[in-house]
Amino acid sequence: MNLPNLNEARRRSNKSVNRIDYKLNNLYKQIGLNKTYYVKTYGCQMNEHDSEFIEGLLESIGFTKNNEMEKADLVILNTCSIRENAHNKAFGMLGRLKHLKEEKPNLIIGVCGCMAQEEVVVNEILSKYRHVNFVFGTHNLFDLPKLIYDNMDNSKLKIDVLSVEGDVVEGLPVKRVNSFKAYVNIIYGCDKFCTYCIVPYTRGKQRSRKIEDILKEVNELKDNGCSEVTLLGQNVNAYGKDLGLGYDLADLLEKVAETNIPRVRFITSHPWDFTDRMIEVISKYPNIMKYVHLPIQSGSNRILKLMGRRYTKEDYKTLFDKLKKIPGISITTDIIVGFPGETEEDFLDTLEMVNYCQYDGAFTFIYSPRVGTPAAKLYESDQTSLEEKEQRLYRLNELINNYSLESNKRMLNNTYPVLVEGLSNKENMLFGYTETNKLVNFAGKSDLIGKIVKVKIQEAKSFSLDGELVE
Ligand code: SAM
Ligand code: SF4
């Protein structure tokens, strides 16, 4: 058994990163023949993309996808640990799977993702959820065929979680959700250690992929008809820093734009690592989407310091103003309310920043203590009630939603290119995203899915737009 260890996960060394070319062992090639799988994913884009690798790995060993969990021979839960409610959802699902396993004793259940990297979670699985067959972490996802092979007799729970700084693995098989829009990892892990955040412990140290590997992937996607790539990382703006090869996100964005793929996105940006050159490159290339997700977390300098965010509200404003000079740019953010010790005055500073930035949208959260992080210790003496925090969240959302609506209203009667993503819930309706990442619903036929079409905006709501197909 390899059990997770937060102390080891916290460590950072100067050791160079192993770069591994994945190769499937012949022993495992057919172990999934005539069997089906179901993968349930929780959390961020990183997890969604990891699940694309999990599905690719499973299909490379003969499994086929089953859209009904109850009928599958293998169920994998790819979990998220960013906040308590993500934990609760995954444990709720594990409870459901216990009943399913009683009905189907041959069912194989695997748990992976960020929760698997946490000691408290694995201890709970060991004591209460022994119907799980195996647990593996974010660092050994590519061992999945071996884990399944070792568990073919369905006998006992195996934990194989590595608390290491992490490698970079190239050449994993991937089954993408769709062919016209793709995630491309550019940097793994995080070294920022914001005091509330579990990610640096669950995802390892900051490690970039080589520019040539990223460009090869983007070119292959483009040659296969893909219209949009999203360059992914917990902090994409730190891209290249660990490589010491003299290139950074600005160089990468430039090279990716020059492949002429129609749309280039990147997410997420930490304000600390944003350079003027990156802003110049974003402005220069029409196929780099004018959309930046720039988490602020709090508008109070006192709280930002306690969070370990490394910028002040003044620094943030300076960067924000520079980005706002890019014509048509849309900027969204993340905000945490109720960080331990946040006072009404601190919260008012956050509202003031929202008023200043007038974001196009925001993800807002109540602070959730994560075991092992420095802020969790501050939380033990936190005086603010949950009721008060919920009130703050409500007030914040009211303000954010007003500005989202205002920004959407400014788009009324104008026409925008939209990449059509799929059928919307309403009959004969499609949905897609503008270059600025606004969700648009409009009437159209399903043969438009995957195409970039022009849509005239007719109605603006806080979270979406309704429009009419122009051509
Ligand atoms: N790397 C990104 C950054 O630096 O902004 C964010 C990654 S995290 C997956 C997404 C968001 O979750 C964060 O921006 C933060 O607002 C929120 N978050 C992280 N830890 C949290 C916690 N303990 N409680 C509440 N929200 C949290
Ligand atoms: Fe978490 Fe901060 Fe790293 Fe973002 S930058 S993943 S919030 S530690």
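L162 is found in the loop between β7 (158-160) and β8, where helices (H or I, at least four residues) and strands (E, at least two) are DSSP runs numbered from the N terminus. The structure is a predicted model, in which local features need pLDDT of at least 70 and side-chain atom pairs count only at pLDDT 80 or more, while totals for chains, interfaces and linings use all residues. Residues are numbered from 1 along each chain as its sequence is written, chains are lettered from A and ligands numbered from 1 in the order in which they are written, and side-chain values use heavy atoms, with hydrogens and water left out.

With a relative accessibility of 28%, L162 counts as partly exposed; buried means under 20% relative accessible area, exposed over 50%, and partly exposed in between, for a 1.4 Å probe and protein chains only. Although L162 and L3 are 159 residues apart along the chain, their C-alpha atoms are separated by 7.2 Å. Beyond its neighbours within four places in sequence, L162 is in contact with N2, Q117, H139 and N140, contact meaning heavy atoms within 4.5 Å.

T230, by comparison, has its place in strand β12 (residues 228-232) and is buried, with a relative accessible area of 9%. Not counting residues up to four places away in sequence, T230 touches A182, Y183, V184, R265, F266 and I267. L231 is one of the residues with the most contacts inside the largest nonpolar core, together with Y239 and L323, and that core has 58 residues. Helix α8 (residues 249-257) provides the largest share of this core, six residues. A nonpolar core is here a set of buried Ala, Val, Leu, Ile, Met, Phe, Trp, Tyr and Cys residues joined through side-chain atoms within 4.5 Å. Apart from it lies another core, of 28 residues, among them Y42, L77, V121 and L157. In soluble globular proteins, nonpolar side chains tend to be buried together. The contacts of L231, leaving aside its neighbours within four places in sequence, include V184, I186, L252, F266 and I267.

I267 is also joined to T268 by a cis peptide bond, with omega about 5 degrees, and T268 has its place in the loop between β13 (263-267) and α9 (276-284). Most residues other than glycine have a negative phi, and most peptide bonds are trans.

The lining residues of the second largest pocket divide into seven nonpolar, six polar and eight charged, where Ala, Val, Leu, Ile, Met, Phe, Trp, Tyr, Cys and Pro count as nonpolar, Asp, Glu, Lys and Arg as charged, and the others, Gly among them, as polar.
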